[in-house]
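Student: I have a model open and want to learn how to read it. Can you take me through a few features?
Tutor: Gladly. Here it is.

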Amino acid sequence: MAPEGLAADKKGAKRKLAPLVFLDESGFMLQPVRRRTLAPSGQTPLHDAWDRHDRLSAIALIGVSPVHHRLSLYFQLLPKNVDTDGMVWLLRQLHYHYRRKVILVWDRWSVHKSAAAHFEERRPDWFEFEWLPAYAPELNPVEQCWNHTKYADLANFIPDDLKHLETAVHESICGQCEDQSLLRSFFAYSKLPL
């Protein structure tokens, strides 16, 4: 009789050296994200902001190394929404970075589906695509990267223009890149074991 857990070990052996990457997109507006704050009694803090609709798009990836389970956060800020061509370009860069098959976990957005179809047809040995359940963003640890940036680092932040917003978002996410405990907390929140 086989020891308990043998099947799981065999299944994992196939993927043993494949990095696991979670991917997600978000947007940042010039409008501030309003959060409660503390102030002396009777001195309500006021910020002047006006109705602006310019935005910045962002893509982030959290990679899990297959051997040491070290976490890496990569991101790209874009002046426009992500489309299929942009996603295909990004996935090519991801493949060139790892130089091996990557297990990519993402949601079922139409751009992801068309990019996956592109690689399954042309380069089936580059990626293995795993799909998150519909309406379950809490399962993707990259969502916590966005939450930390928007609701912790940039809460009540009023940028002057898109360049100012881009600089602030860049600094926030760069600060997360080196913080292994913070990145691990993103997985803990998602209830995903490392």
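Student: Where is R99 found?
Tutor: This is a predicted model. R99 lies in the loop between α2 (84–98) and β4 (102–106). Its phi is positive, about 55°, although R99 is not a glycine.

Student: Is R99 buried or exposed?
Tutor: Exposed counts as over 50% relative accessible area. R99 has 66% relative accessibility, so R99 is exposed.

Student: What is the phi of H69?
Tutor: Near 55°, a positive value, and H69 is not glycine either. H69 belongs to the loop between β2 (55–64) and β3 (71–78). Its relative accessible area is 34%, so H69 counts as partly exposed.

Student: How are two packed helices described?
Tutor: By the angle between their axes and the distance between the axes. Here α2 packs with α3 (residues 110–122) at about 55°, and the axes are 9 Å apart. That angle makes α2 oblique to α3. The crossing of α2 past α3 is right-handed. On α2, the contact uses T84, M87, V88, L91 and R92. On α3, it uses V111, H112, S114, A115, H118 and F119.

Student: And how is a pair of aromatic rings described?
Tutor: By the distance of the centres and the angle of the planes. This structure holds 9 aromatic pairs. One aromatic cluster is formed by Y96, W106, F119, W126, F127, F129 and W131.

Student: Which ring does the charged end of K150 sit over?
Tutor: The ring of F28. The charged end of K150 is 5.2 Å from the centre of that ring.

How values were computed
Residues are numbered from 1 along each chain as its sequence is written. This is a predicted model: local features need pLDDT of at least 70, side-chain atom pairs count only at pLDDT 80 or more; totals for chains, interfaces and linings use all residues. Side-chain values use heavy atoms; hydrogens and water are left out. Helices (H or I, at least four residues) and strands (E, at least two) are DSSP runs, numbered from the N terminus. Buried means under 20% relative accessible area, exposed over 50%, partly exposed in between (1.4 Å probe, protein chains only). Rings of Phe, Tyr and Trp (its six-membered ring) pair if their centres lie within 6.5 Å; planes under 30 degrees apart count as stacked, over 60 as edge-to-face and the rest as tilted. A charge sits over a ring if NZ of Lys or CZ of Arg is within 6 Å of the ring centre and within 35 degrees of the ring normal. Axes are lines fitted to C-alpha atoms, for helices over the stretch in contact, and angles run from 0 to 180 degrees between N-to-C directions. Angles under 35 degrees count as roughly parallel, over 145 as roughly antiparallel, 65 to 115 as roughly perpendicular and the rest as oblique. A crossing is left-handed if the near helix is turned anticlockwise from the far one by less than a right angle, and right-handed if clockwise. Contact means heavy atoms within 4.5 Å.
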